[in-house]
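Welcome! Take a moment to turn the model around on your screen before reading on. The briefing below walks through it topic by topic.

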Amino acid sequence: MREQNSVEYGDPLNPKQYELNRNDEIDLRELFGVLWAEKKVIIGITLVAAAISVVISLLMTEIYRAEVTLAPAETEQGAAGLMGQLGGAAALLGVSVGDSSGNNLSTALAVLQSRQFIIKFINDNQLLVPLFASRWNKGERSSVIDTNIYNPTTGSWLMEGGEPTEQAAYRAFREIFTVTGPDRSTGIVIAAINWHNPVEAAQWVNKLIVALNQEVRARDISEAKNAITYLRQQLETTQLVDMQRVFYQLIESQTRITMLADVRDEYVFRLIDPAVVPDRKVAPRRAVICIVGTLTGGMLSLIIIFLRKTYRGKKSEF
């Protein structure tokens, strides 16, 4: 039992353990010897990788982030109370009263990121060419059209497949557009666009919020007017005084929705902090790219050296 413990804990008097430690020491010295002998290969590959990473980082297009800070639009407490009282009756009649301004934060955020809304925004603002055919000119500090992709003279697309589809346009826009929030305590939402042209990024995200308010407002006005028409038809067919009173109150709530929508530009979201032209890039992170590239070159050089040593050792055995 004592001899077994001596071997386990590395007794220096044990000849087998001493031989093992000696072999480990020799292997470690041999390892450093190999690395030192191949130092030129290690330095060369590492420098080449570092140079390549520097070139790649310099060739990468700079990306700027323009963002807006939004808050839910305020609602009238009196109207909200009335609609809460009439909610049950409205549901039985198939009428949606919503809240006082017809805005619903979850619905508005879903609309903001929906395929239908984004495609409509792209078409209304003619963003198809900037999304697919524009390139950033560092010298002129402006976007230029890649004539290999789009011919501005004839208005024809030259890339394979022709004009991008609506699905492709939606995916391209979602790659640069992000929405964060809402915050649980404040309801604050941050919408941002990451794009190579800082001026376009600020313009697009500001227009996007304006278009969202207009879109939801138009939908709520249309729904409210349809509800009013329906309620008036039901009012003419009933003789019950209590039901007539409910119909009049529901008509009043829907009329209030249309009035608030007509006078309020910031219907769903209030623009707390509009987007300005960013002056600092968010990508690429050139320092990180250079460090990772250099480390990758160093690791690659070690792998090559060990593979060469293994191959030579096996070759010498034959």
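## A guided look at the chain

Arg286 is found in helix 11, which covers residues 286-317. Keep in mind that this is a predicted model. The chain has 318 residues, and buried ones make up 36% of them. Its secondary structure comes to 11 helices and nine strands.

- Is Arg286 buried or exposed? Arg286 counts as buried, because its relative accessibility is 17% and the cut-off for buried is under 20%.
- The side chain of Arg286 makes a polar contact with the side chain of Glu62, at 3.4 Å.
- Leaving aside neighbours within four places in sequence, Arg286 is in contact with Ser57, Leu58, Met60, Glu62, Lys138 and Lys281.

**The chain as a whole**

- Take the contacts between residues at least 6 apart in sequence: 76% of them join residues at least 24 apart.

**The nonpolar cores**

- In soluble globular proteins, nonpolar side chains tend to be buried together.
- How many residues does the largest nonpolar core have here? This core has 49 residues, and Leu131, Phe173 and Ile193 are those with the most contacts inside it.
- Helix 9 (residues 198-237) gives the largest share of this core, with 10 residues.
- Apart from this core lies another one of seven residues, among them Ile228, Leu231, Val246 and Ile251.
- Phe173 is in contact with Ile118, Phe121, Ile122, Leu127, Leu131, Ile193 and Leu208, once neighbours within four places in sequence are left aside.
- Phe173 is also one of the buried residues of helix 8 (residues 166-176), together with Ala168, Ala169, Tyr170, Ala172 and Ile176.
- What do the buried residues of helix 8 pack against? Their partners are helix 6 (115-124), helix 7 (128-133), strand 6 (177-180), strand 7 (189-195) and helix 9.

**Leu109, a buried residue in helix 5**

- Leu109 lies in helix 5, which spans residues 105-112.
- With a relative accessibility of 8%, Leu109 counts as buried.
- Not counting residues up to four places away in sequence, Leu109 touches Val179, Gly181, Pro182, Val189 and Phe269.
- Leu109 and Val268 are 159 residues apart in sequence, yet their C-alpha atoms are 9.6 Å apart in space.

**Salt bridges**

- How many salt bridges does a search of the whole structure find? The search finds seven.
- Glu38 forms one with Arg308, where the closest N and O atoms are 3.9 Å apart.
- This pair links distant parts of the chain, with Glu38 in the loop between helix 2 and helix 3 (39-59) and Arg308 in helix 11, 270 residues apart.
- Glu38 counts as buried at 15% relative accessibility, whereas Arg308 counts as partly exposed at 31%.
- Arg217 forms a salt bridge with Asp265, and here the closest N and O atoms are 3.7 Å apart.
- Distant parts of the chain are linked by this pair too: Arg217 is in helix 9 and Asp265 is in the loop between helix 10 (241-263) and strand 8 (269-273), 48 residues apart.
- Arg217 counts as buried at 16% relative accessibility, while Asp265 is exposed with a relative accessible area of 60%.
- Arg256 forms a salt bridge with Glu252, with the closest N and O atoms 3.2 Å apart.
- Both Arg256 and Glu252 lie in helix 10, four residues apart, which is about one turn of the helix.
- Arg256 counts as partly exposed at 25% relative accessibility, and Glu252 is partly exposed too, with a relative accessible area of 39%.

- Which residues make the nonpolar surface patch of about 370 Å²? Leu28, Leu31, Phe32 and Phe306 make this patch.
- Helix 2 (residues 15-37) supplies the largest share of the patch, three residues.
- Leu28 has its place in helix 2, and Leu28 is partly exposed, with a relative accessible area of 47%.

How values were computed
Residues numbered from 1 in each chain as written. Predicted model: local features only at pLDDT ≥ 70, side-chain atom pairs only at ≥ 80, totals over all residues. Heavy atoms only, no water. Patch = residues over 30% accessible without salt bridge, like charges linked within 9 Å, V, L, I, M, F, W, Y side chains within 5 Å. Areas by Shrake-Rupley, 256 points an atom, 1.4 Å probe, with all protein chains shown as cover. Salt bridge = Lys/Arg side-chain N within 4 Å of Asp/Glu carboxyl O. Helix = DSSP H or I, 4+ residues; strand = E, 2+ residues; numbered from the N terminus. Buried < 20%, exposed > 50% of the residue type's maximum accessible area, 1.4 Å probe, protein only. Core = buried A, V, L, I, M, F, W, Y, C linked by side-chain atoms within 4.5 Å. Contact = heavy atoms within 4.5 Å. Polar contact = N/O pair within 3.5 Å; in protein donor to acceptor, adjacent residues only side chain to side chain.
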